[in-house]
Amino acid sequence: MSSIDTAPSERRLAASNYLAGGGWAARVIADGAVAAALLAWWLASRTLPDFVLPGPLKVGADLLTLFTSPALLAHTGASTARVVLSVAIALALGGGLAWLARAVPVTEGIVQERVLVFLNSFPSLGWAILAVIWFQVSTFSVVFVQVAILIPFCLVNLGEGLAQIDEEIVEMGRSFTRSRWRLLTRIVLPLLTPYLVAALRISYGIGWKIALISELFGADTGLGYLMIQAETVSNATRVFATCFAIVVLFTLGEKLVIDPLARRFARPS
Amino acid sequence: MTPAHKQRLAAHAFTLGALALWLVYSRIVPPYQMPGPLPVARGMASFFADRLALGQLLLSLGHVAAAIAVSFLLGVGLALLAHYVPVLRLLVYGRLTPFLNSFPGIGWTLLVVLWFGLNDVTVIFAVSAVLLPFALVNMREGLQSLDGELLEMAQSFGRSRWGRFRKIVLPSLAPFMFATLRVSFGVSWKVTLTAELFGGNGGLGYLVNVARQEIDTALIFAAIALIVLFVHATDRYLLTPLQNHVFDRYRAL
């Protein structure tokens, strides 16, 4: 998944220019196409039974209950809490591994050539199945799966960040203080922040993507559990609704938390 | 001993240590929790000895190849369309890509099962839907970085639209196309396993599901180990050298 680039703000600028190509006509076409797709969905759903293609209104209503009915909100909340917790743990572990590889050079081969390679090519479904065998149905099992999948992304991004840190600046800092803690909080962490935000953005996105998979076997709460329950009774409306709930939750978190963070901590360029 | 040597030695020692730890641990816990390295190796060997299992392996390979081809063609096509008709860019990158990017892969699988049933089309559709945004993002990166000056020069030298496309645009895009294929290859294996488990009537994911129901952990381990080794080996010994070759070939541009 090297397609996701690591931090640079200038690329984002170029990206927004590329998108701005069409002006208001582009907006009309983009939103018009979304409206047309919804309309086509609505029309198609009228001729098809609900277990094949439920209409957008039905799915919308069910989506709403996922956020309003207390019983279902508990599931939605459980999934959200697990994603947030897993991202935090993965950032800490991935960052720790990246730091280890830099601080103790002899371990670099172990971290980059063994741990990273292994975690990177291990299929997520494998973790999901094995976690249930090892830890039974539990929140720990779900968080374990997510952390195992997220660590390589955090490791790559934070490793990149650590590699970019200017040794000269750290050297200068060292000449002013001997406290490693001060060095870390005053120099290393601020320099690392853009990469931390990038790692957060990527792992948050992937965290939601795999939230469902990690809850398929190893949970008795959460959106993934709701989805697999719905699938067994051919309740396509609920399957759709859980998918859109993920889209909504992901977008909300990105717009309300991650984008502001990225703006606040972007490298001044 | 140079630092690079030391690193490699440490990495090999780590591998041996991990294997030893696995062996010891597998002796302590019951085999359904953690089968030892030997039963897993035997399980892997049986994939190649057993014609039925080999067939499943090849079927998965077919699913992967088909899904990569579909998503690559669609992704390149849509990206080029949006490039030459800028008014569509917002639709492709501002609406379609974020939607595909955040729509969960497992959701596609379960929905497509309801639509098409348990078969190859279901698996290929679900995997392609997951791969498409990766192709779009990569191709956009490539099209964005096209050298405008070079194209302008070609225009002033009287190259036709098609000539410019063939002589400049395509070669400049080659590295990005390759990156797309490489990313797709890595992602597709993981997704295919899931899609086959829920939506297939064959393939490695299907085998894993059977093994899961029979709590045949050794077979689950064997299938996963096979995927890890295959993906890693292909990436390291085939795709990386090829990619370097493609990059060298077109760096002159």
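Which hand does the crossing of H2(A) and H4(B) have? The model is predicted.

**View 1. Helix H2 of chain A crosses helix H4 of chain B.** The crossing is right-handed. H2(A) covers residues 23-47. The two axes come within 8 Å and cross at roughly 50°.

**View 2. Residues where H2(A) meets H4(B).** H2(A) contributes A:Ala26, A:Arg27, A:Ile29, A:Ala30, A:Ala33 and A:Val34. Facing them in H4(B) are B:Arg89, B:Leu90, B:Leu91, B:Gly94 and B:Arg95. By class, this contact holds seven nonpolar residues, one polar and three charged.

**View 3. The side of chain B that touches chain A.** Chain B puts 50 residues into the contact, and chain A puts in 52. Several helices of chain B supply at least two residues each, among them H1 (3-28), H4 (89-102), H6 (120-144) and H10 (217-251). H8(B) gives the most, with nine residues. On this side of chain B, 31 residues are nonpolar, 13 are polar and six are charged.

**View 4. Two domains of chain A.** The assignment gives domain 1 as 21-50 and domain 2 as 54-265. Their C-alpha centres lie 32 Å apart. The contact between them takes six residues from domain 1 and five from domain 2. The domain 1 side has three nonpolar, one polar and two charged residues.

Notes: Residues numbered from 1 in each chain as written. Chains lettered and ligands numbered in written order. Predicted model: local features only at pLDDT ≥ 70, side-chain atom pairs only at ≥ 80, totals over all residues. Contact = placed C-beta atoms within 7 Å. Helix = DSSP H or I, 4+ residues; strand = E, 2+ residues; numbered from the N terminus. Nonpolar A, V, L, I, M, F, W, Y, C, P; charged D, E, K, R; others polar. Domains from an automatic or database assignment. Axes fitted to C-alpha atoms, helices over the stretch in contact; angles between N-to-C directions. Left-handed = near helix turned anticlockwise from the far one by under 90°.
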